[in-house]
There are 2 protein chains.
Amino acid sequence: MGGTNTDMGLVSENGTIIQRRSIPTNAYTELEPYVRDMMREINAMVEEQAASDGEAPLLEGIGIGAPNGNFYTGCVDNAPNLTIKGVLDFGKEIHKYLPVPVVLSNDANAAAYGEYVYGGAKGMKHFIMFTLGTGVGSGIVVDGKLVHGSTGGAGELGHNILIPHGRKCSCGREGCLETYTSARGIVQTYCELKGVPVTSDITSKMIGELAHQGDPVALKTWETVADQLGLAMANSVTFSAPEAIFLMGGPAQVGEPLLKPLRAAFEKYLLNIYAGSCQIRMSELRTNEVAILGAAALIKMPKE
Amino acid sequence: MGGTNTDMGLVSENGTIIQRRSIPTNAYTELEPYVRDMMREINAMVEEQAASDGEAPLLEGIGIGAPNGNFYTGCVDNAPNLTIKGVLDFGKEIHKYLPVPVVLSNDANAAAYGEYVYGGAKGMKHFIMFTLGTGVGSGIVVDGKLVHGSTGGAGELGHNILIPHGRKCSCGREGCLETYTSARGIVQTYCELKGVPVTSDITSKMIGELAHQGDPVALKTWETVADQLGLAMANSVTFSAPEAIFLMGGPAQVGEPLLKPLRAAFEKYLLNIYAGSCQIRMSELRTNEVAILGAAALIKMPKE
C-alpha cells in the first residue's frame, strides 16, 4: 500500500508472484470502499489462477505492507501520505469478506522480511535493511525476528539524527538521515554542490546517469551520500551487530558511484571490533516485486 | 571482572548478594593463576555460607560480566584494559575446578540483564541500558532477549558516532558518544566551558557537587551532556522502540542537574511517532551491586 497505488499479488509458496493487480490508493478517502475494491481484485486474481490451474488456489493469508503500519494492532495509524485518514483496521474490514489471517506491518519492515523469506537474507539471524526512496526506511531482524519494539513502530533509522542541527526534515526535526540520503536529499546535495537552487527538474536517477558519464559534481554527490549513509550504517552496527546490511530502492540502483565510496565510508566509520563482520549487500528482490513479496512474507512469520 | 578488581558474589535465587569477595585483576598476567585464585575465593564463599546455613548452597552456575566478553564463545577477546592479554576461555579453565554452567557476556550487557532479572526492567520486553563511567556502555533487550548480534558484541552504543568529526575517541575514531558523556568527556566539557586546560584534578563527581551548589559552569556542563545523551537516546529509540531507557553509573548519580535537561532533550529529539512511549529511568540496582547481580542474571537466561 503506497500513497499513490496499491499493488496486490498472488504469491505462491516458493515466492513467485503468479498474479498481480493494482488500484489507485489516492482515489479513496474511506477504508470501506477501498477494501471492497481491494477484495474484488483479490477475488479476480484467485479466479484467474483457478481457471489457469484447473483448481482454486488456497489462500494462506493476506499480508499488507503499509506506511505507518502497526504490526501489533494490525492498523495503519494516521499515515500522513495517505488520502484515507485515521486509524485503519484492515483485519476487521477484510474479515467481512474472507476468513483468512491478515498480517500488517510497516512497508520497510515488510521489505526486510521479504528479503529474509525470499531474498538474500535467507538463513541470516541478524541483518538490517535500508530502503532509499522518497524517504528512507529500514527494517531490522534480530535473532531471526523482525524488530517491532514496544510500540509496533521500531526500525525508523531514516529518522536517526545523523547531523545535529542539520537539514530540516519533514518530521519537524533536523539532521535526519532521510534529509541526506532520500531521493530528494540527494538532489539537494547535487544542487548545493553545483551551486544552483534546488529544483524538482532534477531527479536522483539523472544524477546517477551523470555520474556514469563521469560528471564530477554528480560523482561528488554520490561520494557525499555514501559518506552519510556509511556513517549511519556503521552506527547501526553498534546496535545489533548484523551479519549484513541490505540496501534497496531507486537511488541505490545507481551502483558503483554509490557502492564503491559507501563500502569505503562504512569501513572507515565501523568500530574496530566489528571489522570484517558485516557485509553491505544489494537486495536480491526486484524493485517491482519487493512490495508484494515483503507483504506476502509477513504471513510466514512464526506466531508467538 | 573490571580492569582493576574482580568482584565476586554468591547470589541467592531472589537476587540477594549473600557473600562477596574481591581479587585484584591487575595483579595477574595469565588466565590460569587468575582463575585458580578466583575459584579459591568462590570456594571460600560457599564454605562460609554452608557454615552459616548448616548446609552447602547449590551452585546453579557462574555468570561473568567482563570487558570484551563474548556471549557466544564464552571468551574475553583481547580486552585492551586488562593486564591478562589474549583470548581468555573462562569456561574451559573454570571447568577444571567445577562442573557448573559458565555464562559470560560483556559487562554492560550483563548490567542490562541484571536490571531485567532483578531490577526495574522486570517484565519489560524492550528496553535499553546506558552505563556511564570511564567509558559509556550499553545493553539492549529486544523481545525479552539480550541482543548479542551476529558477533556476540552487539550493544556498543557508547561508540555510536554522535557528532561527525567530533572529539577524538580512544577507539581511534571521532565523535563517539563516549567522548562526550563518559566521566572524562564530562570533565573535558566542563574545562572547555570554563576556559581552562583539561585536567585530571577535576572529576565528574566534583562537577556534580558544583552543580548542586548552583555553579553556572557546572550546570551548563550537565545541560550540554544532557543534550548529547538525550540525542543518543532518542536515536536509539528509532531502532527498537523500547518502553524504557535505563541509566546507571557514577555520572548518572548527579541527579536532577543531569536528569531534568536530559528529559527535555530526549523529548525534543524524539521522533513524534514515539512521543510518550518511552520513559527515562534510573537503574534500580545499587551501584556497588550491579556488576555482581548482572553477572548472576546471565545464568537465568533461557537456553536457546
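**Helix packing, cavities and selected residues**

The crossing of helices H7(A) and H8(A) is right-handed, as computed from a predicted model. In general terms, a pair of packed helices is described by two quantities, namely the angle between the axes and the distance that separates them. For H7(A) and helix H8 of chain A, the latter spanning residues 256-269, the angle is about 40° and the axes lie 7 Å apart. H7(A) is therefore oblique to H8(A), because an angle is called roughly parallel under 35 degrees and roughly perpendicular from 65 to 115 degrees, while the oblique class takes the angles that remain.

Helix H7 of chain A also contains Thr224(A), a residue that counts as partly exposed because its relative accessibility is 21%, whereas the term buried is kept for values under 20%. Between Thr224(A) and Arg36(A) there are 46 Å in space, taken from C-alpha to C-alpha, and the two residues are 188 positions apart in sequence. A second pair involves Leu88(A), which belongs to strand S6 of chain A, a strand made up of residues 87-89. With a relative accessible area of 4%, Leu88(A) is buried. The C-alpha atoms of Leu88(A) and Gly69(A) are 9.1 Å apart, and 19 residues separate the two in sequence.

Two residues of chain A were examined for their backbone angles. Ala241(A) has a phi near 45°, which is a positive value in a residue other than glycine. Ala241(A) is placed in the loop that runs between helix H7 (216-240) and strand S11 (244-248) of chain A, and this residue is buried, because its relative accessible area is 1%. For Asp143(A), phi is near 55°, again a positive value in a residue that is not glycine. The position of Asp143(A) is likewise in a loop, in this case the one between strand S9 (136-142) and strand S10 (145-146) of chain A.

By class, the lining of the largest cavity divides into 14 nonpolar and six polar residues, with no charged residue.

The second largest cavity has a volume of about 70 Å³.

In chain B, helix H9, which covers residues 290-298, is mostly covered, as eight of its nine residues are buried. The buried residues of H9(B) are Val290(B), Ile292(B), Leu293(B), Gly294(B), Ala295(B), Ala296(B), Ala297(B) and Leu298(B).

Technical notes: Residues are numbered from 1 along each chain as its sequence is written. Chains are lettered from A and ligands numbered from 1 in the order in which they are written. This is a predicted model: local features need pLDDT of at least 70, side-chain atom pairs count only at pLDDT 80 or more; totals for chains, interfaces and linings use all residues. Side-chain values use heavy atoms; hydrogens and water are left out. Helices (H or I, at least four residues) and strands (E, at least two) are DSSP runs, numbered from the N terminus. Buried means under 20% relative accessible area, exposed over 50%, partly exposed in between (1.4 Å probe, protein chains only). Ala, Val, Leu, Ile, Met, Phe, Trp, Tyr, Cys and Pro count as nonpolar, Asp, Glu, Lys and Arg as charged, and the others, Gly among them, as polar. On a 1 Å grid over the protein atoms alone, a cavity is a set of points where a 1.4 Å probe fits but cannot get out, and a pocket is an open set with protein on both sides within 12 Å along at least five of seven lines; lining residues have an atom within 4 Å of a point. Grid points are joined across faces, edges and corners, and a volume is the space filled by probe spheres set on the points. Axes are lines fitted to C-alpha atoms, for helices over the stretch in contact, and angles run from 0 to 180 degrees between N-to-C directions. Angles under 35 degrees count as roughly parallel, over 145 as roughly antiparallel, 65 to 115 as roughly perpendicular and the rest as oblique. A crossing is left-handed if the near helix is turned anticlockwise from the far one by less than a right angle, and right-handed if clockwise.
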